[in-house]
Each structure stands twice: as structure tokens, then as C-alpha cells.
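Colleague: Could you put the model up on the screen? I have a few things to ask about it.

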Amino acid sequence: MLAEFRDYLTASLADLGDVVRFLMRLLVNTPRALLRGDLIIAQIYNAGTLSLVIIMLSGLFVGMVLGLQGFQLLQRFGSEEALGTAATIGLVKELGPVVTALLFAGRAGTALASELGLMRATDQLSAMEMMAVDPIQRVVVPRFLGGVIAMPLLAAIFSMIGIYGAQLIGVQFMGVDSGSFWSQMQASVDLEDVTEGIVKSAVFGVACSLIAVYEGYHAMPTAEGVGQATTRTVVTSAVVTLFLDYLITAMFL
Amino acid sequence: MGKSRALNLGTGSFVLLGFAALFFLTTQTTSRGLSFASQPHYDVTAKFDNIGDLKVGAPVSIAGVEVGRVAKISFDSREFKAVVVMSLNSRYNQIPADSDASIYTQGLLGGKYVGLAPGGADTYLKDKDHIDVTFSAFVLENLIGQLAANFIKGKSDAPTPAAPEKTK
């Protein structure tokens, strides 16, 4: 029992080390990959533009729920005007980065992992190596960078749409005064709150993209292996995102 | 070529929207609007016995209109007073030099702000001027303390006039 646990622990540690080594490899190859801007733009399109609809829809509904719940709660204390503050703080600091990261892992992370896994399974990566093309530099790094760049922008869009969703419910439907909604928000939301959200989304972007390309690149070259890699991408991304979220929140306190 | 152009267009609009959202979050949801920082202003100092929980960035207003913000708060260890530096918008440069400053509370439980009440002097406040007449913050705990003290005194006072009557 104890030996099993020890084995599990060493295996996990080795995995973590492997991920870090992989990240280093990506970073070393980043400058040369940056020369192929068109590849990165294509990946920003894949990770960002194609995720835009799901992010905006989710942001709108999360914001509307916040508006409704926040209004019901704040009404009991007779301070509905604080709705703008409550919704904005909640969205910018927590829900924006975290929900976006989870959606990103589900939408873009899985696509990355299965694409890379299939490339591995169909020997495309080996073929590139045969042609003296480094698959890390040509295939993996642009995908990684695309995710890293897209994620903070997606989170910002999510928060912005969410704030308008809360405003739609609070101001248009529930009759909170529009002036106090915005002015109370502006008075009590600090730039640090926004910075915290941006830092979080940037870190989540690195983490989720790294997990996706790592799992995809190291997938077993079988149909089952690709499926497993995709599943692991979502599960690991979600857990790591929530763990990092706690860590960064504690750091900013 | 057509596909590549559509791809660039999609990516471009996504990135543009993303940065617009970042800009919106930093300027529209916080008090760091682009408007105030760049405007010319002048600094006026006032010393208060007690500023309550006045914070840097709190508004300074005259007749309810915001004319500036609290720029700096420090402690004068010789007079044991709080030194509040207020940065006033240069647009409002005709505030009488003998105006007084008080600290008020926004709403029942809101934050503190500085209210200036204009005096009658012919000279106006300039950069680095001092406001001499100040009124401290209304601290709820002190008021409750005073009320409680009065209440207890009132209670203990009440029997005393009655007591001599009994002895009569």
C-alpha cells in the first residue's frame, strides 16, 4: 500500500518534470517559431476566433445569472445599487478567467490534443522529422502560442459581455438605476482587481495550452490513446486551473 | 488566397475585440478613467484631528460637485494630526482661501469624502496652500460611545433629583 503510494508519487513527480522539460523545449523554440507569424495567426484563429461564440454566449448568461442572483440578494439589504460592483468583481477576478479557462480547455484544448494525437497516430510527426522539419517548432509551438495569446483576450471578452449581461438584467429588467450601477462599480473596483484577472487568465492560458499540446504530443498512437489524451486534457486542465486560481488569489490578497 | 484573407480578418477582429475588452475593463469599470489623470490640477493641504477611514482617491467636493480627489494621506507626528493632500482640478481655481474642509460619509455606510465649504475671502486657494479650518470625520463608534455615556449619566442623574426630595 505504502509502496504503491510511493510509486504513484514518484510517477506523478516524473510526469511533472517531463511537462516542465517540455515547456522549456517549447520556450527554446519560441523565437524561431515567431518568425513564422502566419502559423501563429492560424492558431490564434483556431483557439480564439472559433471559441468566440461559445465564450460570448457563456459570458452573457453567466452575467445575467449574476445580475439576477445579485439583485435578489442585495435587495434584502436595500442596496441594489451595489449590483454593478458585485457582478464586476465576481466576473473580472474569478468567473471570467476560470470559466473561460474551463471552456477553453473544452473547446480549444481538446481540439489541440486530438489533432496532435492524430498526427502522432498517423505518423505525420515522424514524417516531419524524416524531412528534417522539427515538429515542435513547426506544429507544437505555434499551437501553444496561439492558445497563450488567445486566452487572456477571451477572458477579457467574457468579463465584458458578462458585465453587460448583469447590466441588462439589473438595469433594464429589475430597475436598478443605471447611473449608480456604473458609478458605484467605478468607485469600488480597483485597477488591481482587473490586473488580478488578467494575470490569472494569462497563467491559465499557459497552463491549459501546455497541457493540451503535451497530452496530444505524447498520446499513444492508437485511436484509444487519442481519446485518452483528449480526456486527460480536459480533466487535468480543469484541476490545474482551479488549483492555480487558489494560488494566485492567495498571492494577490 | 481567399481563405487566408478570411482567416486574417477573423483573427484580426478577434484580437481587436479582445483588446477593446481589456481597455473597457481597465478604464470603464475602475476609477482610472482616462479623463482625470491628464487634467491639470493643483494641490491643497488640510490637517484633520481624525479622518476616519478616508482613503487616497476619495472625492473632494463642493456643494456635492466633485472638484478633485484625495492625493495623499500622511501623519504629522508633531501635531498628531492627519495631513490630507487634495489635488483639485485647475478648472475650479476660484475657491476662497478661507474655505473650510470637512469629512463626510457617502450614504449610511459608504466611503468617506472631503467636502469643502466656500468662505468669503477675496483671495483664492493656490497650489501648496493650506486649509486652516477643518472638521473631523464623523466616527460612528465615538457617537455611540457618547450616546451611551449620556444615557448612563442620564440614568444615574435621574434618581439624584428624586433622592433629595425623599429626604425632605
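Colleague: In what order do the elements of chain B run from the N terminus on?

Modeller: This is a predicted model. In it, chain B goes α-α-β-β-β-β-β-β-β-β-α-α, starting at the N terminus. That comes to 4 helices and 8 strands.

Colleague: And what does the domain assignment give for chain B?

Modeller: Domain 1 covers 1-30, and domain 2 covers 36-146. The C-alpha centres of domain 1 and domain 2 of chain B are 42 Å apart.

Colleague: How much of chain B is made up of buried residues?

Modeller: Of its 168 residues, 20% are buried. As for contacts in chain B with a separation of 6 or more, 63% are between residues 24 or more positions apart.

Colleague: What is the mean pLDDT of chain B?

Modeller: The mean is 81, with 84% of the residues of chain B at 70 or more.

Colleague: Now the complex. What ipTM does the predictor give?

Modeller: The ipTM is 0.82, and the pTM is 0.73.

Colleague: How many residues of chain B are in contact with chain A?

Modeller: There are 17 in chain B, in contact with 23 residues of chain A. The chain B side has 8 nonpolar, 8 polar and 1 charged residues.

Colleague: Which residues touch the most other members in the largest nonpolar core?

Modeller: Val140(A), Met151(A), Leu154(A), Ile157(A), Cys208(A) and Val213(A), out of 74 residues in that core. Helix H6 of chain A, residues 135-173, gives the largest share, 22 residues. Another core lies apart from this one and has 21 residues, including Val67(B), Val84(B), Ile95(B) and Ile131(B).

Colleague: Back to Val213(A). What is Val213(A) in contact with, leaving aside neighbours within four places in sequence?

Modeller: The contacts of Val213(A) are Leu112(A), Leu116(A), Val140(A), Arg143(A) and Phe144(A).

Colleague: Different topic. Which residues of helix H7 of chain A are buried?

Modeller: In H7, residues 178-188 of chain A, the buried ones are Phe181(A), Gln184(A) and Met185(A). They sit on the same side of H7(A), because the arc they cover around the axis is only 100°. In general, an α-helix has 3.6 residues a turn, so residues three or four places apart point the same way.

Colleague: What covers the buried residues of H7(A)?

Modeller: The cover includes helix H4 (83-121) and H6, both of chain A.

Conventions: Residues are numbered from 1 along each chain as its sequence is written. Chains are lettered from A and ligands numbered from 1 in the order in which they are written. This is a predicted model: local features need pLDDT of at least 70, side-chain atom pairs count only at pLDDT 80 or more; totals for chains, interfaces and linings use all residues. Domain bounds come from an automatic or database domain assignment. Two residues are in contact if their C-beta atoms, placed from the backbone, lie within 7 Å. Ala, Val, Leu, Ile, Met, Phe, Trp, Tyr, Cys and Pro count as nonpolar, Asp, Glu, Lys and Arg as charged, and the others, Gly among them, as polar. A nonpolar core is a set of buried Ala, Val, Leu, Ile, Met, Phe, Trp, Tyr and Cys residues joined through C-beta atoms within 7 Å. A residue is buried if 20 or more other C-beta atoms lie within 10 Å of its own, exposed if 12 or fewer, and partly exposed in between; C-beta atoms are placed from the backbone. Helices (H or I, at least four residues) and strands (E, at least two) are DSSP runs, numbered from the N terminus. pLDDT is the predictor's confidence in each residue, from 0 to 100. The arc is that of the directions from the helix axis to the C-beta atoms.
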